[in-house]
Amino acid sequence: MTIESIPGSSGYLDAFPERRMSYFSNAYVLGLTVVAGIGGLLFGYDTGVISGALLYIKDDFEAVNQSSFLQETIVSMALVGAIVGAASGGWINDAYGRKKATLLADVVFTAGALIMAAAPDPYVLILGRLLVGFGVGIASVTAPVYIAEASPSEVRGGLVSTNVLMITGGQFLSYLVNLAFTEVPGTWRWMLGVSAVPAIIQFTLMLFLPESPRWLFMKGDQDKAIAVLSRIYDIARLEDEIDHLSNAAEEEKRKKNTVRYLDVFKTKEIRLAFFAGAGLQAFQQFTGINTVMYYSPTIVQMAGFKSNKLALLLSLAVAATNAAGTIVGIYLIDHFGRKKLALSSLSGVIVSLFLLSWSFFTGSSSSSNGVYGWIAVIGLALYIAFFSPGMGPVPWTVNSEVYPEQYRGICGGMSATVNWISNLIVAQSFLSVADTVGTGATFLILAGIAVLAVVFVMVYVPETKGLTFLEVEQIWKERAWGSSSNTESLLEHGERSS
């Protein structure tokens, strides 16, 4: 099979340009993407809302006000739940399908949100946070895979990145909700409880949406899969897509049916794919994004702006920049390519972190703190502007497309677990590290990690822009077992597409 004959490859689509799809050309695919992306909205909202809610939780519960440990537990328990949800979500996706996994995530999230809203004490609140985190963890695995498997290859990156836009949009929404409910009785209960609304909306809409066509095909339900595919592709391309899925299904039949977690590490090409995917997820967190999102008001105050209101407003601007940058990333990821976009993003992140570090080092020893404070705010804004189009969507997009069908749920869940664990480590250590070595030195450490991330992407992450799942799988096989003319052709195709 040549590249030119594979649906979705550039040779195939160049030969039949009328079959190439754009981001907005199919309302059905866009609808699937938006509904699945509500899981990302829940993800983003939950990570942002707790910072404002915690202020009022401390007012209601004296035990929380007197205990830093309880405060940290209320914040971090959602991350613990997300780790468990992501780890089990891969298996749930493979065993029961993407649709059922989404419905389960909505039920668990809604239950958690309602428990939080009605919590009579901090310990019930912590239980609600755990359940919400579990739902978010499952959704963080499921949404990118569901979107990727329903997407034409030429727009897959942009559509999967829509889920990341929903995450950043959810974070921005959480800041607005925090401001809206500050004067309402039962403030924090509304802040946390209102998140049940989008979960209920997604559950209702998902009941009317299909299962992933690729999952259906691999489970032997070709008729349902073809019915879904016929709403995505015209008749000419539909035939080619069915042939492609039939070949992939035959290949899967030759492999064992049940994949366990340890199986990921038994095959060299799967190990390489998982290393690239999980490594990207880890570097996304360890380059500091959730340090900025969780602690942006604190960082602003560290820079010399003591007003709570100004700190919150500047943080709202940071969240808006994050969402706007993700929109830029949706366009660039299928035009510029995943690898180049990640490298460009990381280069800007490094410069921004050095600027932040310099502003804190210099500002602490200068009488002109206000000037350096504004430089720190500019550095913060630049960091988000560079991070959000690249290292925001790229890790999730790459992880939705680099694994063979048989391993996509398991590996996606494991790599999302790496993301959540890394998130937890960063969230729990930033302020302590800053207290120990200083804020300037902390940002310098993050810059060093970003340099390592550049090297990692250059060496281990292939360009997957425009490639079908079959082509990506072939890249890993040849990387594992030696180069060939076919592999070189695939790699050249990926670089040429970018």
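**A colleague's note on the cavities and the fold**

1. The helix that gives most to the lining of the second largest cavity is α12, with three residues. Helices here are DSSP runs of H or I with at least four residues, strands are runs of E with at least two, and both are numbered from the N terminus. Please keep in mind that this is a predicted model, where local features need pLDDT of at least 70, side-chain atom pairs count only at pLDDT 80 or more, and totals for chains, interfaces and linings use all residues. Residues are numbered from 1 along each chain as its sequence is written, and side-chain values use heavy atoms, with hydrogens and water left out.

2. That second largest cavity holds about 170 Å³ of space. A cavity is a set of points, on a 1 Å grid over the protein atoms alone, where a 1.4 Å probe fits but cannot get out, and lining residues have an atom within 4 Å of a point. Grid points are joined across faces, edges and corners, and the volume is the space filled by probe spheres set on the points.

3. Its lining has 17 residues, and Ser151, Arg214, Tyr233, Glu241 and Phe469 lie nearest the centre. Two or more lining residues come from each of α6 (122-149), α10 (213-218) and α12 (235-253). By type, the lining divides into nine nonpolar, four polar and four charged residues. Here Ala, Val, Leu, Ile, Met, Phe, Trp, Tyr, Cys and Pro count as nonpolar, Asp, Glu, Lys and Arg as charged, and the others, Gly among them, as polar.

4. Now to the largest cavity, with about 220 Å³ of space. Of its 19 lining residues, Ile167, Gln171, Gln284, Ile289 and Phe387 are the closest to the centre. Helix α7 gives the largest share, four residues. This lining has seven nonpolar, twelve polar and no charged residues.

5. Leaving aside residues up to four places away in sequence, phenylalanine 134 touches Gly81, Ala82, Val84, Gly85, Ser88 and Val108, a contact being heavy atoms within 4.5 Å. Isoleucine 83 is 51 residues from phenylalanine 134 in sequence, yet 7.4 Å away in space, C-alpha to C-alpha.

6. Finally, the whole chain: it has 22 helices and zero strands, and 60% of its 498 residues count as buried.

Conventions: On a 1 Å grid over the protein atoms alone, a cavity is a set of points where a 1.4 Å probe fits but cannot get out, and a pocket is an open set with protein on both sides within 12 Å along at least five of seven lines; lining residues have an atom within 4 Å of a point. Buried means under 20% relative accessible area, exposed over 50%, partly exposed in between (1.4 Å probe, protein chains only).
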